[in-house]
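Student: I have just opened this entry and would like to learn how its labels are decided. Could we go through them together?

Tutor: Gladly, let us look at it.

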Amino acid sequence: MRSCLARFGITLALLGCASIVPATAGAQTYLTQWGSPGTGNGQFDHPLAVAINTAGDVYVVDTSNHRVQKFTGGGAYLTQWGSQGSGNGQFFFPEAVATNAAGDVYVVDLFNSRVQKFTGDGSYITQWGSNGSGDGQFFNPRGVAVGAGGVVYVADETNNRIQQFTGTGTYLSQWGSQGSGNGQFDGPYGVATDASGNVYVGEAGNQRIQKFTGMGVYITQWGSSGSGNGQFFGPSALATDSDGNVYVVDNHNSRIQKFTDAGTYLTQWGSQGSGNGQFNFPTGVATNAAGEIYVVDLLNSRIQKFDPVLTATNPTTWGHFKRFYR
């Protein structure tokens with residue numbers, strides 16, 4: 001079985017040579033962090049994704065430990081569930097997590113080719129999916145998000161499509177095909193929704209973000225391959241905030257980039273390392289009601305939390321950012 005790192009196609013040389021372009025006008029303010037390598041409560045073995053419920057609780061997919069852990073917004077451990085297997089409530093490399101307005105939790109169970117639904121404390125509710133390319137089937141499901149009316153969107157990577165379900169798993173619709181045109185995909189990975197019901201999809205192959213209506217009608221796109229502002233080297237996860245801003249995990253560039261909902265670049269933060277505000281292959285991002293940002297720092301086995309207020313790094317430009325982007 002391939003390791004978690006092999007599934008991302010990572011090599012040590014690749015991790016070490018990524019070119020980083022630091023933010024020039026400001027970066028999100030570092031607040032706190034938690035986590036360390038291991039199997040104990042609050043420890044992680046290749047954490048991949050994070051989601052936050054309306055109460056501010058934080059759910060982390062602890063992939064190689066085959067479990068989901070739940071924390072307070074400040075990182076205090078609350079509970080966990082899951083073990084390796086294919087039974088109800090078990091996982092075989094859980095990959096992504098999302099919550100709905102009622103506090104239920106959806107988990108993408110990668111190698112079981114399914115989505116499982118739980119209560120906020122981990123009690124099993126239902127599941128759907130099997131391996132394949134038919135309606136409601138998956139071939140390497142990677143991302144999950146909940147949109148308007150509780151509709152669930154799943155990034156079906158190898159089938160190069162987004163599938164849409166009711167909150168209980170009834171198949172509704174899908175869109176996408178292999179390619180680089182508008183509405184086509186090459187390895188859709190992350191998916192997120194905003195308060196207006198729009199859907200954002202990150203593509204590892206095309207190195208871009210595409211924006212759609214909730215029914216899959218193409219709206220716009222941005223991004224290209226590289227390390228400059230607005231470019232990507234492995235966009236793996238996305239999140240939105242209450243102001244409509246879009247956060248993109250640019251994992252091989254070891255940074256988070258922030259955009260308007262139309263794709264206009266705003267700022268970025270992060271560099272390769274293990275210090276506060278640095279990342280060693282970030283893979284997940286989520287925001288809470290206060291606009292605080294949580295980032296999964298995979299190879300550092302931790303979650304980092306940031307404030308939405310920018311920290312000035314260039315006094316001559318800080319005033320401009322404060323006026324127009326806050």
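Tutor: Let us start with Phe-118, which is buried, with a relative accessible area of 0%.

Student: Why is Phe-118 called buried?

Tutor: Buried means under 20% relative accessible area, exposed over 50%, and partly exposed in between, with a 1.4 Å probe and protein chains only. Phe-118 has 0%, so it counts as buried. Before we go on, this is a predicted model, where local features need pLDDT of at least 70, side-chain atom pairs count only at pLDDT 80 or more, and totals for chains, interfaces and linings use all residues. Residues are numbered from 1 along each chain as its sequence is written, and side-chain values use heavy atoms, with hydrogens and water left out.

Student: What makes Tyr-124 partly exposed?

Tutor: Its relative accessibility is 31%, so Tyr-124 falls in the class in between.

Student: What secondary structure does the protein have?

Tutor: The protein has 3 helices and 24 strands. These are DSSP runs numbered from the N terminus: helices are H or I with at least four residues, strands are E with at least two. Buried residues make up 58% of the 326 residues.

Student: How many aromatic pairs are there?

Tutor: There are 27 aromatic pairs in the structure. Rings of Phe, Tyr and Trp (its six-membered ring) pair if their centres lie within 6.5 Å; planes under 30 degrees apart count as stacked, over 60 as edge-to-face and the rest as tilted.

Student: What makes the pair of Tyr-59 and Trp-81 edge-to-face?

Tutor: The ring centres of Tyr-59 and Trp-81 are 6.2 Å apart and the planes stand at 65°, so the pair is edge-to-face. Tyr-59 belongs to strand 3 (residues 58–62) and Trp-81 to strand 5 (residues 77–81), so the pair ties together parts that are 22 residues apart in sequence. Tyr-59 is buried, at 0% relative accessibility, and Trp-81 is buried at 7%.

Student: Why is the pair of Phe-118 and Tyr-124 called edge-to-face?

Tutor: Their ring centres are 6.2 Å apart and their planes are at 75°, so this pair is edge-to-face. Elsewhere, ring pairs link Tyr-30, Tyr-247, Trp-269, Phe-279 and Phe-306 into a cluster.

Student: Where is Asn-245, and is it buried or exposed?

Tutor: Asn-245 sits in the loop between strand 18 (235–240) and strand 19 (246–250). Its relative accessibility is 11%, so Asn-245 counts as buried. Beyond its neighbours within four places in sequence, Asn-245 is in contact (heavy atoms within 4.5 Å) with residues including Ala-239, Lys-258 and Leu-266.

Student: What makes Ala-239 buried?

Tutor: Its relative accessibility is 7%, so Ala-239 counts as buried. Ala-239 is found in strand 18, and its C-alpha atom is separated by 6.0 Å from that of Val-285, 46 residues apart along the chain.

Student: Which residues lie nearest the centre of the largest pocket?

Tutor: Of its 46 lining residues, Ile-52, Val-146, Thr-193, Thr-240 and Thr-287 lie nearest the centre. On a 1 Å grid over the protein atoms alone, a pocket is an open set of points where a 1.4 Å probe fits, with protein on both sides within 12 Å along at least five of seven lines; lining residues have an atom within 4 Å of a point. Strand 18 and strand 22 (282–287) are among the strands that each supply at least two residues of the lining.
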